[in-house]
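Trainee: Could you take me through this model one feature at a time, and show me how to read each of them?
Mentor: Gladly; let us look at it together.

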Amino acid sequence: MGTRLIEFTIAAAPPPRLDKALSRDVPAEAALSRTRLARLIAEGAVRVDGVVVTDAKARVAEGAGIIITVEEAEDSHIGPEDIPLDIVFEDADLIVVNKPAGMVVHPAPGSPSGTLVNALLHHCGDDLSGVGGVKRPGIVHRIDKETSGLLVVAKSDAAHQGLAAQFEAHSVERYYRALCYGVPDANDPRLRGVKGVSFEPGNVLRLTTQLARHKTDRQKQAVLFHGGRHAVTRARIVEPFGTPPVVALIECWLETGRTHQIRVHMAHAGHGLIGDPVYGGKRKLAQKALPTQAAEAVRAFPRQALHAAILGFEHPVTGEHLRFEAPIPQDMAGLIAALRAPLT
């Protein structure tokens, strides 16, 4: 494996710790995050005025000469695959893709190939500068296999750390479009009695619970009110369908990002997503509330009707605010068109 030397000088008024001083002064083109720098210090890869320093808390003076030895990123054990991608944005540090329903994000025992990561390894090739010392795309968030929509993926270590910090701080803007059973309206007295449910101005449904893996079904998440991880979802009605309304197009947005969060929260509220095989179930719709063709389309919809429509964040390297929107995919658009058909 080859190596590269990164040489620079500590500027005026350095921070009191070596790792912080390196993070401030290392050339941007080196694409080294503070986490990676701390690891390099511990590995003995940092020399200060010719002397190896392995203590991240060591003091460093203005004008000190720094040499960092970095091993070139090694190839990932995951194989590249020539799979078409819908690329919304790409630069040297990150890529935003519109993932189709049916594609797994990362290889796993049940899905060793055909994933978004396999496709990105083929698409990016040598453009991947390395995440954690390996030439691989940096996955900072995921959406379920059968959920469509926007994902941002890091191509460099610095971008990976910067994006991960934004997701941890819940500062990333994420809006979803979904089709659910029923209409989550503040005027519904049943909803007022569901624990964890409240309404905010503008008829915005707010769901606040804890989420954890289900005790008996390890593929599911369960709503808790003690233990687990804090989770907050908001939703508003975009368009109700039926006479009386029995289905709604809703917009959901996340304050936190937990596994299956929207799906399990909407099911907890009694408004499971159409087509969701895990949480939504097959519900009986009120007779004659929808045209026959629309009711059939609801029953036959093959996946959870959920789409990651909007993604906004600060570029982790340039600081520019980026915001992207992906149109509703054809299968959901077809279902919406069927629901809009007039009763005859």
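Trainee: How are two packed helices described, and at what angle do α1 and α2 pack?
Mentor: In general, two packed helices are described by the angle between their axes together with the distance between those axes. In this predicted model, helix α1 (residues 18–25) packs against helix α2 (residues 34–42) at an angle of about 130°, and their axes are 9 Å apart. The crossing in which α1 passes α2 is right-handed.

Trainee: Which residues make the contact between α1 and α2?
Mentor: From α1 the contact draws on L18, D19, K20, L22 and S23, while α2 contributes R34, L37 and I41. Sorted by class, the contact of α1 with α2 has four nonpolar residues, one polar residue and three charged residues.

Trainee: How many residues of helix α3 are buried, and which are they?
Mentor: A residue is called buried when its relative accessible area is under 20%. In helix α3 (residues 116–124), seven of the nine residues are buried, so this helix is largely enclosed by the rest of the structure. The buried residues of α3 are L116, V117, N118, A119, L120, L121 and C124.

Trainee: What caps the N-terminal end of α3, and what follows just after this helix?
Mentor: The cap at the N-terminal end of α3 is T115, which has a side-chain oxygen 3.3 Å from the backbone nitrogen of V117. Just after α3 comes G125, which takes a positive phi of about 55°.

Trainee: Where is P80 placed, and is P80 buried or exposed?
Mentor: P80 is found in the loop between β5 (74–75) and β6 (87–90), and at 55% relative accessibility P80 counts as exposed. When neighbours within four places in sequence are left aside, P80 is in contact with N118, L121 and H122. P80 and L116 are 36 residues apart along the chain, and their C-alpha atoms are separated by 9.9 Å.

Trainee: Where does K155 lie, and is K155 buried or exposed?
Mentor: K155 lies in the loop between β10 (148–154) and α4 (157–168). With a relative accessible area of 3%, K155 is buried, and the side chain of K155 is joined to that of E90 by a polar contact of 2.9 Å.

Trainee: How many residues of helix α6 are buried, and what covers them?
Mentor: Helix α6 (residues 261–268) is mostly covered, with six of its eight residues buried; these are Q261, I262, R263, V264, H265 and M266. What covers the buried residues of α6 includes several strands, among them β11 (173–181), β13 (204–213) and β14 (221–224), as well as β15 (229–241), β16 (247–254) and β17 (306–314). Just after α6, G270 takes a positive phi of about 90°.

Trainee: To finish with the chain as a whole, how many helices and strands does the chain have, and what share of its residues count as buried?
Mentor: The secondary structure of the chain comes to eight helices and 18 strands, and 48% of the 344 residues count as buried. Taken along the principal axes, the C-alpha atoms of the chain fill a box of roughly 80 × 40 × 40 Å. Among contacts between residues at least 6 apart in sequence, 65% join residues at least 24 apart.

Notes. Residues are numbered from 1 along each chain as its sequence is written. This is a predicted model: local features need pLDDT of at least 70, side-chain atom pairs count only at pLDDT 80 or more; totals for chains, interfaces and linings use all residues. Side-chain values use heavy atoms; hydrogens and water are left out. Buried means under 20% relative accessible area, exposed over 50%, partly exposed in between (1.4 Å probe, protein chains only). Helices (H or I, at least four residues) and strands (E, at least two) are DSSP runs, numbered from the N terminus. Contact means heavy atoms within 4.5 Å. Axes are lines fitted to C-alpha atoms, for helices over the stretch in contact, and angles run from 0 to 180 degrees between N-to-C directions. A crossing is left-handed if the near helix is turned anticlockwise from the far one by less than a right angle, and right-handed if clockwise. Ala, Val, Leu, Ile, Met, Phe, Trp, Tyr, Cys and Pro count as nonpolar, Asp, Glu, Lys and Arg as charged, and the others, Gly among them, as polar. A polar contact is a pair of N or O atoms within 3.5 Å; within protein, one must be able to donate a hydrogen and the other to accept it, and residues adjacent in sequence count only if both atoms are side-chain atoms.
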